[in-house]
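Here is a briefing for a first look at this structure. Please view the sequence and the model, then read on.

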Amino acid sequence: MRRTNRAVNRILLAVLGIALMGSGAALIAAGTLPGAADTWAAVGSAVTDQARNLASSASGPGPLRSWWLAAGIAVLLLGAGLSAAWLASQGGGRTPRLAEQRDGAQGRTVIDVGLISAAVQEALNGNRSVVAASVSAWESRSGTALRLRMEARKGTSPRELADTAEQLIQGIDDWLGHPIPVLVRITSGVRSRTSDSRRAK
Amino acid sequence: MKQDRTIRRMIRRETHSSRSVPSMVAASILLVTFLWLALESVLWLLKDQPLLAGPAQLREWLVGLPANTIPAGMTAAGVGVGTLGLLITGLAVGRGRRPRRALASDRSATVVDDDVIAAAISSQARLAADLAPGQVTTTVGGRSVRVQVRPTSGVPLDLASIKTALDGELAAYALDRPVTSNVRILNEGAVGQ
């Protein structure tokens, strides 16, 4: 969920996987094909010569022998920066504010997720089929969305829980005055999740 | 119509993996590698001691790799790296479906874990055939619901009522992906309660 860009994840992982498969193939070729080891060494020394030629041109000041070396380091740092950006793009988007309305000069009204959470807890207090419930909100592409997670007691019909959730959402809609996107998650308990996940007695 | 799209999008995102864990691992490894290489290059330019190996040593090691390693070792390393690459590509290209599915709902996106469905069906079947806990096992797979019943020894089992209960329950869920159901009665019975 959240705001992870999933297409980027898939593309970057695919690129990485293909690069790894390519180097794996090169290693296998160097180990099995008779001429490949020589080709490896020839390519290696050719690349080295190229790099040496570049490094002796465009000389820079002080300890910097060539601007080309500075460019190489810059490329490495750029790679590090892009990796950090990829890492930072995972998840995120959670917000403590569910809705906000500005009333001109009179100020603004903010509804916290905590309010909805307290109301949901109160409403589910006597409900035997819900073991635990939690409410959170996140910024989705179509505005702030609400996520309602309900942990089902073992053997409870999910339809029953979905109907309970529908009633709760009806109440929330009446409160807020305008419908917001809602995701209802009906999950099993932590204990049954650690065992074989899709079998039940 | 817009509401529909939003709901479908939420269901799609909730029932499929975001691949964020492999992405985070890969990004961390890349970040550390790039930073290390940049640091080594700077140390080499300043003619300082390298941390682990300077660029010149790295180059020598890489160029001389086939000459200094036995061919079998190269092949084994290649198979290892290639398999890792294949796994990562599979993660990226595969469907990444999670063991959960959507229930029909007008107002919200409702997504249920497969094991909640399995537990509910088991308890319905048990009620329908009047069996003890543990005599019914349900497995919910990609497109199928398999119910295994161990009858009580000496007591005839009402298969039709189990089937009716199962179909009624599944019809009430109105799952987004159609599932086929089948009930299997085990030959061995459980000793009476």
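Strand β6 (residues 182–187) of chain A runs parallel to β2(B) and pairs with it over 4 bridges. In this pairing Val184(A) has Thr110(B) of β2(B) as its bridge partner. Strands are DSSP runs of E with at least two residues, helices are runs of H or I with at least four, and both are numbered from the N terminus. Two strands count as paired if DSSP finds at least two bridges between them.

This is a predicted model: local features need pLDDT of at least 70, side-chain atom pairs count only at pLDDT 80 or more, and totals for chains, interfaces and linings use all residues. Residues are numbered from 1 along each chain as its sequence is written, while chains are lettered from A and ligands numbered from 1 in the order in which they are written.

**The sheet**
- An open sheet of 6 strands runs in the order β1(A)-β4(A)-β5(A)-β6(A)-β2(B)-β1(B), with mixed pairing.
- Within chain B, strand β1 (residues 100–103) and strand β2 (residues 109–113) are antiparallel and share 4 bridges.
- A hairpin of 5 residues connects β1(B) to β2(B).
- Arg100(B) faces Asp113(B) in β2(B), and Ala102(B) stands opposite Val111(B) in β2(B).

**Contact between the chains**
- Chain B gives 74 residues to the contact and chain A gives 68 residues. Two residues are in contact if their C-beta atoms, placed from the backbone, lie within 7 Å.
- On the side of chain B that touches chain A, helix α5 (residues 71–93) of chain B supplies the largest share, 17 residues.
- That side of chain B holds 45 nonpolar, 20 polar and 9 charged residues. Here Ala, Val, Leu, Ile, Met, Phe, Trp, Tyr, Cys and Pro count as nonpolar, Asp, Glu, Lys and Arg as charged, and the others, Gly among them, as polar.

**Nonpolar cores**
- The largest nonpolar core has 49 residues, and Leu148(A) and Ala125(B) touch the most other members.
- Helix α6 (residues 114–129) of chain B brings the largest share of this core, 8 residues.
- Apart from this core lies another of 17 residues, including Leu13(A), Leu20(A), Trp86(A) and Ile88(B).
- A nonpolar core is a set of buried Ala, Val, Leu, Ile, Met, Phe, Trp, Tyr and Cys residues joined through C-beta atoms within 7 Å. A residue is buried if 20 or more other C-beta atoms lie within 10 Å of its own, exposed if 12 or fewer, and partly exposed in between, with C-beta atoms placed from the backbone.
- Not counting residues up to four places away in sequence, Ala125(B) touches Val136(B), Val147(B), Val149(B), Ile162(B), Ala165(B) and Leu166(B).

**Domains**
- Chain A splits into domain 1 (6–88) and domain 2 (94–194), and their C-alpha centres lie 49 Å apart.
- Chain B splits into domain 1 (2–93) and domain 2 (100–185), with 44 Å between their C-alpha centres.
- In chain B, 5 residues of domain 1 are in contact with 5 residues of domain 2.
- Domain bounds come from an automatic or database domain assignment.

**Confidence**
- Chain A has a mean pLDDT of 83, and 91% of its residues reach 70 or more. The pLDDT is the predictor's confidence in each residue, from 0 to 100.
- Among the elements of chain A, β6(A) has the highest mean pLDDT (91) and helix α6 (residues 190–194) of chain A the lowest (52).
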